[in-house]
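Good morning, and thank you for making time for this presentation. I would ask you to keep the sequence and the structure in view while I speak.

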Protein chains: 2
Amino acid sequence: MSTVLDGLAVDQASDRAVFRQIADQLRTAIRDGRLTEGERLPSEAQLIDHYGVARMTVRNALQLLEIEGLTRAEHGRGVNVRKRPPVRRLASDRFARRHRKAGKAAFIAESEQVGAQADVDMIKINEMLAPPEIAERLNYTGPVIVRSRRYSLDKTPVEAATSYLPADLAKGTPIADPNPGPGGIYARLEDLGHTLDRFTEEVSARMPTEAEARQLALMPGIPVFRLIRTAYDLEGRAVEVCDTIMSADAYVLNYELPAH
Amino acid sequence: MSTVLDGLAVDQASDRAVFRQIADQLRTAIRDGRLTEGERLPSEAQLIDHYGVARMTVRNALQLLEIEGLTRAEHGRGVNVRKRPPVRRLASDRFARRHRKAGKAAFIAESEQVGAQADVDMIKINEMLAPPEIAERLNYTGPVIVRSRRYSLDKTPVEAATSYLPADLAKGTPIADPNPGPGGIYARLEDLGHTLDRFTEEVSARMPTEAEARQLALMPGIPVFRLIRTAYDLEGRAVEVCDTIMSADAYVLNYELPAH
DNA sequence: CAGTGGTCTAGACCACTGC
DNA sequence: CAGTGGTCTAGACCACTGT
């Protein structure tokens, strides 16, 4: 019986640890396409037999691949080459007013374009004092309306967002309602006379906290984007700060930069 | 003697694995500031004594923290709470012509502004056929000049970049020279009559490959940004594609979006 | 049920660090 | 040198999956 392991062996004399050599060989097999998306890797028992090593050695090798986001272990089933989820490419003009005119919030509209099913759940509305990080960006230290929600694509959670708006602006308006109506809160802000002028986005990436991994059902080895967007109206006032955590393997962010 | 472990114990009856409980308690101590940046965690031996568990259990707990990017193990010295490196905030206008006029390449100029020492090394120039990913963005399938280099900040490598330029445009010009002269290759492109009009950037994030981790001296648990920038001249021709891998903990990317 | 991965124990030897 | 983490062995019992 022929497997991906044929002819592979470790060099006991090498400086490189045995579990790293095993990981190297499996990684190469994946990158070369000898193991394809969704395909099962040899089981721990098969690797132990093939390489003649202890179980911990094999598990350390497999864990390396998992940490790198290349594989996914399923209890009782085996270890598979990880399938990449469909990627959302976020365009730099995704908050342009012309896209809002259709009466749909940005997330829903984009998802429909690519034929994916979009869902929003875990919507919560609160009021609190602006946390320092937010107050600084809003240039405002009073109470804020906090809208948090989670977005899913084809039933897979991909993004958790929390919006902060000055209470003196948003309280008692549809913005403080779980369903803000057609066009989302940006449309409502414009209804209230705060015509939007520009947005800034601050993008960072890191490994998720435990809570984020749970909320977004993240697999090990998948980092998150943290995207902090600030919306400014025509008068230059910051009217919203949106703090978003996104599963990084589900997104490519597109931006446009001026040369002048 | 008082340590962060005082009063901490695991619940053997809990559903949560013992090593996860130990990791939870150490993680909480870090987040709460009972263990501060650079401070040493209890040694493996101390954790084994305190919790009364096997070494593997303790090591699994410590590895969880390491892959979350919270700690850093140093052979022979101990495990420390990871220090965050100085963060570079990349402005959305960093390639604007006015910044180039000073005669400095973008990386050097920005670094000097924040008082950091910038270095560029591992400069290599090649010529090859455009890889598909690049050819697509350049809208050109012929030979390209490939400039690869690594950037360091205060002696720490933070970024590896590879630029691709159509050979019919760049060959035999200073662009194909290791040192392209004042203002970098963007200044040279403009010298050649390709006045730059705009850039697009495509940002993704993932865990590094082995090669990237080595080149950027990345610690485990630190993801990378992959940033693909395409430069267009006034005629709308793509004149350069720059493929960059950046240590994600060293950067925040700032962008500006239009609302209209 | 057999086969899979998840957790845990109790050792061993090694390489690196700092005194 | 003693103390630290890095690697490895050889078991054990468990929970989950598919037949």
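I begin with H3(A), which gives the most to the surface near DNA strand D, with three residues. Please bear in mind throughout that this is a predicted model.

By class, the surface near DNA strand D has nine nonpolar, seven polar and four charged residues.

I turn now to the other DNA strand. Which residues come nearest to DNA strand C? Of the 20 residues around DNA strand C, they are Gly76(A), Val18(B), Ala54(B), Met56(B) and Gly76(B). At least two residues of the surface near DNA strand C are supplied by each of the following: helix H2 (44-51) and strand S2 (78-81) of chain A, and helix H1 (18-31) and helix H3 (55-67) of chain B. H3(B) gives the most here, with three residues. The residues of the surface near DNA strand C divide into nine nonpolar, seven polar and four charged.

Next, the relation between the two protein copies. Chain B is superposed on chain A by a rotation of 180° with 0.1 Å of shift along its axis, at an RMSD of 0.1 Å. The two copies are therefore related as by a two-fold rotation axis. Of the interface residues of chain B, 100% are also interface residues in chain A, so the copies meet through the same surface.

How many residues does each chain bring to that contact? Chain A gives 34 residues and chain B gives 34 residues. On the side of chain B that touches chain A, the elements giving two or more residues are strand S7 (196-206) and strand S10 (251-258) of chain B. S7(B) gives the most to this side, with 11 residues. By class, the side of chain B that touches chain A comprises 17 nonpolar, seven polar and 10 charged residues.

Strand pairing also takes place between the chains. Strand S10 (residues 251-258) of chain A is joined to S7(B) by six bridges, and the two strands run antiparallel. Within this pairing, Glu256(A) has Thr200(B) in S7(B) as its bridge partner.

That pairing belongs to an open sheet of eight strands with mixed pairing, in the order S3(A)-S10(A)-S7(B)-S8(B)-S9(B)-S6(B)-S5(B)-S4(B). At its edges stand strand S3 (88-90) of chain A and strand S4 (118-129) of chain B, each of which pairs on one side only. On average, neighbouring strands of this sheet are turned by 20° against each other, direction ignored.

S4(B) and strand S5 (residues 143-153) of chain B run antiparallel and are joined by 10 bridges. In S5(B), Val146(B) stands opposite Asn126(B). Across S4 and S5 of chain B lies helix H5 (residues 106-113) of chain B, which runs at about 165° to S4(B).

Strand S5 (residues 143-153) and strand S6 (residues 156-166) of chain A pair in the antiparallel sense over 10 bridges. Here Tyr151(A) has Glu159(A) in S6(A) as its bridge partner. The hairpin of S5(A) and S6(A) has two residues between the strands, and in it Asp154(A) takes a positive phi near 50°. S6(A) also pairs with strand S9 (residues 238-247) of chain A, in the antiparallel sense over six bridges. The bridge partner of Thr162(A) in S9(A) is Asp243(A).

Finally, I return to H3(A) and its packing. Two packed helices are described by the angle between their axes and the distance between the axes. The axes of H2(A) and helix H3 (residues 55-67) of chain A come within 9 Å and cross at roughly 115°. The crossing of H2(A) with H3(A) is right-handed. Which residues of the two helices meet? From H2(A), Glu44(A), Leu47(A) and Ile48(A) meet Arg55(A), Val58(A) and Arg59(A) of H3(A). By class, the residues of this contact are three nonpolar, no polar and three charged.

Methods. Residues are numbered from 1 along each chain as its sequence is written. Chains are lettered from A and ligands numbered from 1 in the order in which they are written. This is a predicted model: local features need pLDDT of at least 70, side-chain atom pairs count only at pLDDT 80 or more; totals for chains, interfaces and linings use all residues. A residue is near a molecule or strand if its C-beta atom, placed from the backbone, lies within 6 Å of it. Helices (H or I, at least four residues) and strands (E, at least two) are DSSP runs, numbered from the N terminus. Ala, Val, Leu, Ile, Met, Phe, Trp, Tyr, Cys and Pro count as nonpolar, Asp, Glu, Lys and Arg as charged, and the others, Gly among them, as polar. Two residues are in contact if their C-beta atoms, placed from the backbone, lie within 7 Å. Two strands pair if DSSP finds at least two bridges between them. Axes are lines fitted to C-alpha atoms, for helices over the stretch in contact, and angles run from 0 to 180 degrees between N-to-C directions. A crossing is left-handed if the near helix is turned anticlockwise from the far one by less than a right angle, and right-handed if clockwise. Copies are superposed by least squares on the C-alpha atoms of residues with pLDDT of at least 70 in both.
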